[in-house]
Amino acid sequence: MLKKLFTLGTVVVLGSFPLYAGKFGNPDDVEFARTVWQAMTKASLVGEGAFVSQPYKGFPLHGIVLDTVEGEFSVANQEGILIIKRNYGGEKETKQVMENPAKYLKAVTIMFRKQPGYDPGNGDWFYVKYSPHGKVLKNPKGVSLAGRAGAPGVGGCIGCHIGAPGKGFVFRHDRYPKQ
Ligand code: HEC
């Protein structure tokens with residue numbers, strides 16, 4: 001019986017691993033994600049006292065209500081573009097969220113554009129999904145959502161963002177030319 005269980009475990013692990021092996025959710029990715037969170041907290045972009053931009057109606061996958069802030073950002077001696085999307089839950093109206101954003105915040109998702117060559121086929125974006133308090137969240141397979149998360153045709157962040165208009169992996173606009 002034990003042997004059978006072990007075999008089953010191996011199959012499950014092998015079955016889900018190759019898609020993601022080493023691509024994201026590694027200890028280095030998680031550590032960098034934590035460093036980004038600390039830098040964002042210092043800059044009042046997340047955490048208590050974070051400033052809020054105008055929330056707008058989103059869609060269920062990210063959040064019913066969203067707000068997005070972005071710009072040049074420096075973290076751990078790396079300069080890049082940072083886009084932060086705060087995802088609010090519940091059947092709430094933007095006005096209610098605006099009045100008490102911390103209460104409705106469900107997750108913080110970010111894209112940070114790293115140096116050219118980090119992930120050249122996919123726009124060099126480093127993705128993270130955090131809890132409202134900065135914990136790096138995991139996908140259903142238990143892999144931390146930090147780094148080159150997902151893949152074309154497979155899903156996850158990259159699998160969906162590859163469909164963004166303009167081929168820049170950013171949905172909202174095409175402001176950032178290819179680097
Ligand atoms: C099923 C598709 C889908 C998946 C999966 C997805 N996103 Fe998005 N994402 C979108 C769409 C659509 C928008 C634009 C929404 C808006 O702001 O109106 C967006 C917007 C964003 C933005 C703001 C920049 C932009 O592209 O407009 C960030 C940051 C972001 N997503 C991060 C993530 C992260 C991190 C993950 C993975 C943990 C992820 N997304 C997974 C569809 C997806």
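**Entry 1, ground rules.** I note that this is a predicted model, in which local features need pLDDT of at least 70, side-chain atom pairs count only at pLDDT 80 or more, and totals for chains, interfaces and linings use all residues. Residues are numbered from 1 along each chain as its sequence is written.

I find 5 helices and 6 strands in the chain, taking helices (H or I, at least four residues) and strands (E, at least two) as DSSP runs numbered from the N terminus. From the N terminus on, I read their order as α-α-β-β-β-α-α-β-β-β-α. Buried residues account for 34% of the 179 residues, where buried stands for 20 or more other C-beta atoms within 10 Å of a residue's own, exposed for 12 or fewer, and partly exposed for the range in between, with C-beta atoms placed from the backbone. Of the contacts (C-beta atoms, placed from the backbone, within 7 Å) between residues at least 6 apart in sequence, 47% join residues at least 24 apart.

I checked the length of helix α2 (residues 27-42): its 16 residues should span 22 Å at 1.5 Å a residue, and its end C-alpha atoms are 23 Å apart, which agrees; the expected span is 1.5 Å times one less than the number of residues. In α2, I list Asp 29, Phe 32, Ala 33, Val 36, Trp 37 and Met 40 as buried. They cover an arc of only 145° around the axis, so they sit on the same side of α2, the arc being that of the directions from the helix axis to the C-beta atoms. On the face turned away from this buried side, I note the exposed residues Pro 27, Asp 28 and Lys 42.

Leaving aside neighbours within four places in sequence, I see Val 128 in contact with Ala 33, Val 36, Ile 110, Val 136, Leu 145 and Ala 146.

I count 23 residues around the ligand, the closest being Thr 109, Cys 157, Cys 160, Phe 171 and Arg 172; a residue belongs here if its C-beta atom, placed from the backbone, lies within 6 Å of the molecule. The elements giving two or more residues to this shell are β2 (63-75), β3 (78-88), β4 (105-113), β5 (125-130) and α5 (156-161), and α5 gives the most, with 4 residues. The shell divides into 14 nonpolar, 6 polar and 3 charged residues, with Ala, Val, Leu, Ile, Met, Phe, Trp, Tyr, Cys and Pro counted as nonpolar, Asp, Glu, Lys and Arg as charged, and the others, Gly among them, as polar.

Lys 57 is in strand β1 (residues 56-59) and counts as exposed, with 10 C-beta neighbours inside 10 Å. Glu 93, in the loop between β3 and α3 (94-99), is partly exposed, with 13 other C-beta atoms within 10 Å. I find the two 36 residues apart in sequence and 7.9 Å apart in space, C-alpha to C-alpha.

Technical notes:
Two residues are in contact if their C-beta atoms, placed from the backbone, lie within 7 Å.
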